[in-house]
Amino acid sequence: MNILVLGSGGRESALAYRLAQSPRTEKLYVAPGNAGTGLWAENVALDPLNFAQVKDFIIENRIEMLVVGPEDPLVKGIHDYFLADANFRDLIIVGPCKEGARLEGSKRFAKEFMQRAGIPTAAYSVFEKGQLARAKAFLRTLKPPYVLKADGLAAGKGVLIETDLTRAEQALDEMLEQGMFGAASEQVVIEEFLSGMELSVFVLTDGTDYKILPEAKDYKKVGEGDCGLNTGGMGAVSPVAFADVAFMKKVEDRIVKPTLAQLQKDKIPYSGFLFIGLMNVNGDPYVIEYNVRMGDPETEAVMPRLKSDLVELFIAMHENRLHEINLEIDPRQALCVMLVSGGYPESYKKGFEVKGTQAVAPDTLLFHAGTKPDSEGRAVTCGGRVLGVVSLAEDLPSAMRKTYAEVEKIEFEGVYYRKDIGKDLCR
């Protein structure tokens, strides 16, 4: 089977790694890919948002499966684009249609959807440009910290959490009136703050049947001890100790099943990944957000634990027979540490050679993210999050020791990483 993965980050690296393991995979392409995806696939210079260009490549290379990594093409309707052409009726597309992708594309839509489905989530209100005074008045009815979310896509940076009311009001002004996140913040969702431990739950579904993949916890703050600015994610662990059988049963019964039931009730077709961002509040799961693709860097911790054939899973999803599949999961602990460019998530320099990757132990996985090959084929930095280093071990302390020992072998100018990924779960 010829397979095309769209995207260029660590998530796509991890997906390509797992897809390449399948005996069903004949030819694997990643577009545009990075300096690491070339280890498992052929990189192709395609723009994932240029649907006509993607279509031509699919025809020319007899692609039978399209795996959409990032959210932008899904929110912009790539699945619908191919559905509209009868010639692509048999193309397996991993990722929902445009209407289903609104669960990530619009925070307002997602909150209203949860409300209709009776899914536990934080109390909220929505305000538009020109309603700044009303938004500030609502803000003053809440207790700190204050949660402000841009309604649309903002490259993972559209959520602000402020502990000071004055700063929260300033942020509201910057979002609604000054266009901090462009069109994404023309509407802002203000939420009640939920205190607890975060968890990422991943579901593969055809809209009716589903499989719950290994859960993960990621670390968003740039600084150790969860301080500083939000990032796209500084690391991840899987499994997560508190997500035991009893807790995951609550997640399935209170969130997964009602979500799929509401999608069916609203006549929204859905096939692909559903990423449920949760908060464990005193033993009960509350939904923070939906995403319509795998998380990054969580995928880098989840995919190494998935022993089942990923291609077979995608085929079963397409053929509405996920119920026939028994997931095989590696019970070991996976830990991912992201190496980032100095200055990230603010301004940073690019173009530095990534050295030391050849010295890493063979049982440690390297998932490139913000890299590209230079004219001599060397991996150089081209993004904020550069490289994910992942190890598997029998327990979390062992996984931490193993991963950080390998992290120290890799260097590039300005390299930075958190030294406490997983530490909070070792208590």
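## The largest cavity

By class, five nonpolar and four charged residues, but no polar ones, make up the lining of the largest cavity; in this scheme Ala, Val, Leu, Ile, Met, Phe, Trp, Tyr, Cys and Pro count as nonpolar, Asp, Glu, Lys and Arg as charged, and the others, Gly among them, as polar. The model is predicted, so that local features need pLDDT of at least 70 and side-chain atom pairs count only at pLDDT 80 or more, whereas totals for chains, interfaces and linings use all residues. Residues are numbered from 1 along each chain as its sequence is written, and side-chain values use heavy atoms, with hydrogens and water left out.

A search of the whole structure turns up one cavity of 30 Å³ or more, and the space in the largest cavity comes to about 40 Å³. On a 1 Å grid over the protein atoms alone, a cavity is a set of points where a 1.4 Å probe fits but cannot get out, a pocket is an open set with protein on both sides within 12 Å along at least five of seven lines, and lining residues have an atom within 4 Å of a point; grid points are joined across faces, edges and corners, and a volume is the space filled by probe spheres set on the points.

The lining of the largest cavity consists of Leu103, Lys107, Ala110, Lys111, Met114, Lys149, Ile288, Glu289 and Tyr290. Two elements, helix 6 (107-117) and strand 17 (284-291), each give two or more residues to this lining, and helix 6 gives the most, with four residues.

## The second largest pocket

The second largest pocket has a volume of about 400 Å³. It is lined by 20 residues, of which Leu39, Thr357, Gln358, Leu366 and His368 are the closest to its centre. Strand 19, residues 365-368, gives the most to the lining of the second largest pocket, with three residues, and by class this lining divides into 11 nonpolar, seven polar and two charged residues.

## Overall fold and dimensions

The protein chain has 12 helices and 22 strands, where helices (H or I, at least four residues) and strands (E, at least two) are DSSP runs numbered from the N terminus. Its C-alpha trace spans about 60 × 50 × 45 Å along the principal axes. The radius of gyration of the protein chain is 21 Å, which agrees with the value near 22 Å that a compact globule of 427 residues would have; the radius is taken over C-alpha atoms, and the globule rule is 2.2 Å times the number of residues to the power 0.38.

## Helix packing around helix 6

The axes of helix 5 (residues 98-105) and helix 6 come within 6 Å and cross at roughly 100°, with axes being lines fitted to C-alpha atoms, for helices over the stretch in contact, and angles running from 0 to 180 degrees between N-to-C directions. Helix 5 and helix 6 are therefore roughly perpendicular to each other (65 to 115 degrees; under 35 counts as roughly parallel, over 145 as roughly antiparallel, and the rest as oblique). Glu99, Arg102, Leu103, Glu104 and Gly105 of helix 5 meet Lys107, Phe109, Ala110 and Phe113 of helix 6, a contact (heavy atoms within 4.5 Å) with four nonpolar, one polar and four charged residues.

Helix 6 also packs with helix 9 (residues 245-265), their axes coming within 9 Å and crossing at roughly 100°, which makes helix 6 roughly perpendicular to helix 9. Here Phe113, Arg116 and Ala117 in helix 6 meet Pro258, Thr259, Gln262 and Leu263 in helix 9, and the residues of this contact divide into four nonpolar, two polar and one charged.

## Helix 1 with helix 11

Helix 1 (residues 10-20) and helix 11 (residues 310-318) pack at an angle of about 95°, with their axes 7 Å apart, which makes helix 1 roughly perpendicular to helix 11. Leu15, Arg18 and Leu19 of helix 1 make the contact with Leu310, Val311 and Phe314 of helix 11, giving by class five nonpolar, no polar and one charged residues.

## Backbone geometry in loops

Most residues other than glycine have a negative phi, and most peptide bonds are trans. The peptide bond from aspartate 296 to proline 297 is cis, with omega near 25°, and proline 297 lies in the loop between strand 17 and helix 10 (298-302). A cis peptide bond also joins tyrosine 344 and proline 345, where omega is about 10°; proline 345 is in the loop between strand 18 (333-340) and strand 19.

Arginine 62, although it is not a glycine, has a positive phi of about 50°, and arginine 62 is found in the loop between helix 2 (51-60) and strand 4 (65-68).
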